[in-house]
Amino acid sequence: MAEEREIAEAMISEIHKKITDAFDVFDHEYNKTVDVREIGTIIRSLGCCPSEGELHDILAEIEDEEPTGYINFDRFLPTMTKVLMERRYRPIPEDVLLQAFEVLDQEKKGYLMPEQLTKFMSEEGEPFTQEEMEEMLSAAVDPDKNVILYKDYVTMMAVEAP
Amino acid sequence: MHCSSTLKAAILIQQWFRRYMARLEIRRRYTWSIFQSIEYAGEQDQLQLSLPDLISHVLDPNNDFMNEEAKLAKYEKIEVPDSYAGPRLSFPLTVVHTNALLSGFKQQQTLHPRYVLQLLHETKKFLKHMPNIIHLSTTYTRQITVCGDLHGKLDDLLLIFYKNGLPSDENPYLFNGDFVDRGKKSMEIIIILFAFLLVYPNNMHLNRGNHEDYIMNLRYGFTKEVMQKYKTHGREILQLLQDVFSFLPIATIIDNKVLIVHGGISDFTDLDVLASIERHKYVDCNIQGNRTIDLLLSFLQIVDLLWSDPKNQNGCIPNSFRGGGCYFGPDVTLRLLKKYNLQLLIRSHECKQDGYELCHDGKVITIFSASNYYEEGSNRGAYIKLGPDLVPRFFQYQVTKVSCFCFLHSVTAAEGSALKSLREKLYAHKTDLIAAFKDCDKNNTGRISTSDWASAVESVLHLDLPWRTLRSRLVKLGPDGNVDYLSCFEDLQIERSIKEVRARDICIHLGIHNYHMLTCSSFVGLISIEEFRQTWKLFSSHLHIPIDDEAIDDLARSIDYNKDGSIDFNEFLEAFRVVHKLDSKEN
């Protein structure tokens, strides 16, 4: 029993250190606060893949009653620890991602036109900003054929991730 | 079309993409931290280095006993051949000459050393009459443009001139130091800046930066650039530059309201003292030796101005990162601004992602004008336009060589470069690191926990980097999740022993037993094209194969894969490997 608890404590300690490391990268003032707009990036960098809606929920938990624009580490740490321990918002596996693209490719052509993808990403779901759209297109569009070969794109992205 | 499966698919893709971008962002941030810590750690070494006698002898001002007039006469006697196609100068300079210089440099021409010496001579004469602190007024001009560090990046200067117009009496400029070092066109930059200074003396202004200092130039590339471009007159040019740099003003004040210095301030900064000292006596950052207390204190005032960085918390502490100057907090800024009835401090000295950054509640602006400073895509450059209302307007730009510039590519390129530097640093401290690792590994398993690994690395390197986040890029993990601490030296070790073996193989094959030059170069990592030529000549004479200079040049250029004028030791070996292979095939 004691040994199990020791292992659990060691695991929590490691998780705490990981969270601290990620938080510190954005703590520009060295006063254990970060800009609330960077929380999404921090959470995602820790391996989680929440939707914008889920992100909002997390923020609601950790923000002060009177939002100051800053998030305190003391409030971030316990919430984030729980998220990691419970393995919430796990990253999306490659095959599921591929299926999502296939759903958008209703004619089953094997590729998407840039205009199609733009329409879906900018109008459906949790719409992209123009910057996000441009960034995705710049990497996804095959320069010769001017289409998005989504199978290749997904494979390429999977390789890039360390 | 708007059915729920499409909606779900879209959300999934968006979710995944945002996570992917966040991870890129984190990689970009720690890449930035790596570049900055290594850069400042390097500068710190330099400040603490005392000058070896060898180098001081080369540039000892006591060596030259000629007076100014005699020197000028000497320069005028230097012949400029008819075949010289570059810009020709005559004094006093006019806008015709600055145009000729600009178009000449755009065509990759080099200014003849005679004109360089004359230009520097005139610049020194002019700067001698400047006060330490220049006072400017916006009453007569609409706007003044303030630019930050350029560090030898000529493309950025040309881009600024393209966007903002050339300097003129209607378009005044202030360049806030660090014109030289790191980039490859430092010489061209200062030639252009000094030429405009002479043509528009009332509307072109230069502040001295911490890199306008020949000790920094020795280490950060400017000295090398001068010696490569001017083989015969290089030393003389460097000596004259030393004087010119020492006469550069150290601060500028606009409308008695805006203070502009290269680095920053400290809680000791006294503008009255600074106005009265003999600034040219502060030649370089090596200020040890026999000096009076007064002189030392005034030198320290200058060091503070040229080396300090702002910090976000109150107080003023020594700048341990740089090894000189201070970190000054918002309270220090407020006190100084209040004391001299100022409202804004503009400074440079630190690279910023967006080319500029505000801090201390908007009272301090950092302006940095060298885009892609660390690596292609690392940051934008910017300049400030300041009108009589003294409200700064920011203009950003970025020199790009690639047409498609997505975030992924720029992060990957920068990251690769940063991690390479970091691995080299690890290798350089191998002995100390292994000792620290073994301390945590009493049972000699070859593995330690991530925590122990991170603390050990930080205790040896002192770079204050997010080691846990970087861990996966630097070291292998064992099956139990612990760090295999020797694996971070692996690749480098193999690389180096292959280099050693190949070098010996080549030399033995060619019958040369002294591979001193090769091993020397491998220590530095780079061979200049000149060294390559000499090496090749040596080899070719042993092979009894006559190779003419042109062929060697072609070979050199074709080996220089990244086209930066020097050959990486790897490139050198690759070339020999290919040659060696062809050789044995024919035999």
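Predicted model: local features only at pLDDT ≥ 70, side-chain atom pairs only at ≥ 80, totals over all residues.
**Note on helix faces, helix packing and aromatic contacts**

1. Start with helix α13 of chain B, residues 330-339. Its buried residues are B:Val332, B:Thr333, B:Leu336 and B:Leu337. Viewed down the axis of α13(B), these buried residues fall within an arc of 125°, so they line one face of the helix. The other side of α13(B) carries B:Lys338 and B:Lys339, both exposed.

2. In helix α6 of chain A, residues 114-123, the buried residues are A:Pro114, A:Leu117, A:Phe120 and A:Met121. Down the axis of α6(A), they fall within an arc of 135°, so they line one face of the helix. A:Glu115 and A:Glu123 are exposed, on the face of α6(A) turned away from its buried side. After α6(A) comes A:Gly125, with a positive phi near 60°.

3. Chain A as a whole. The chain has eight helices and two strands. Along the sequence, their order is α-β-α-α-β-α-α-α-α-α. Chain A has 162 residues, and 42% of them are buried.

4. Helix packing in chain B. Two packed helices are described by the angle between their axes and the distance between the axes. Helix α4 of chain B (residues 95-106) packs against helix α7 of chain B (residues 186-199) at an angle of about 165°. The axes of α4(B) and α7(B) are 9 Å apart. Angles over 145 degrees count as roughly antiparallel, and α4(B) and α7(B) are therefore roughly antiparallel to each other. Their crossing is left-handed.

5. Aromatic pairs. Over all chains, the count is 24 aromatic pairs. How far apart are the ring centres of B:Phe161 and B:Tyr173, and at what angle are the planes? The centres are 5.6 Å apart and the planes are at 85°, so the pair is edge-to-face. B:Phe161 belongs to helix α6 of chain B (residues 154-164) and B:Tyr173 to strand β3 of chain B (residues 173-175), so the pair ties together parts that are twelve residues apart in sequence. Are these two residues buried or exposed? B:Phe161 counts as buried, at 6% relative accessibility. B:Tyr173 is buried too, with a relative accessible area of 0%.

6. A tryptophan pair in chain B. B:Trp453 and B:Trp467 also pair edge-to-face, at 6.4 Å centre to centre and 85° between the planes. B:Trp453 is in helix α16 of chain B (residues 450-461), and B:Trp467 is in helix α17 of chain B (residues 467-474). The two residues are 14 apart, and the pair links distant parts of the chain. Both B:Trp453 and B:Trp467 are buried.

7. A cluster with members from chains A and B. Which residues form this one aromatic cluster? From chain A come A:Phe101, A:Phe128, A:Tyr150 and A:Tyr153. From chain B come B:Trp16, B:Phe17 and B:Tyr20.

8. Lysines over rings in chain A. A:Lys32 lies over the face of A:Phe73, 4.7 Å from the ring centre. A:Lys109 has its charged end over the ring of A:Tyr111, at 5.2 Å from the centre.

Technical notes. Residues numbered from 1 in each chain as written. Chains lettered and ligands numbered in written order. Heavy atoms only, no water. Phe/Tyr/Trp six-rings, centres within 6.5 Å; stacked < 30°, edge-to-face > 60°. Helix = DSSP H or I, 4+ residues; strand = E, 2+ residues; numbered from the N terminus. Buried < 20%, exposed > 50% of the residue type's maximum accessible area, 1.4 Å probe, protein only. Lys NZ or Arg CZ within 6 Å of the ring centre and 35° of its normal. Arc of directions from axis to C-beta. Axes fitted to C-alpha atoms, helices over the stretch in contact; angles between N-to-C directions. Parallel < 35°, antiparallel > 145°, perpendicular 65-115°, else oblique. Left-handed = near helix turned anticlockwise from the far one by under 90°.
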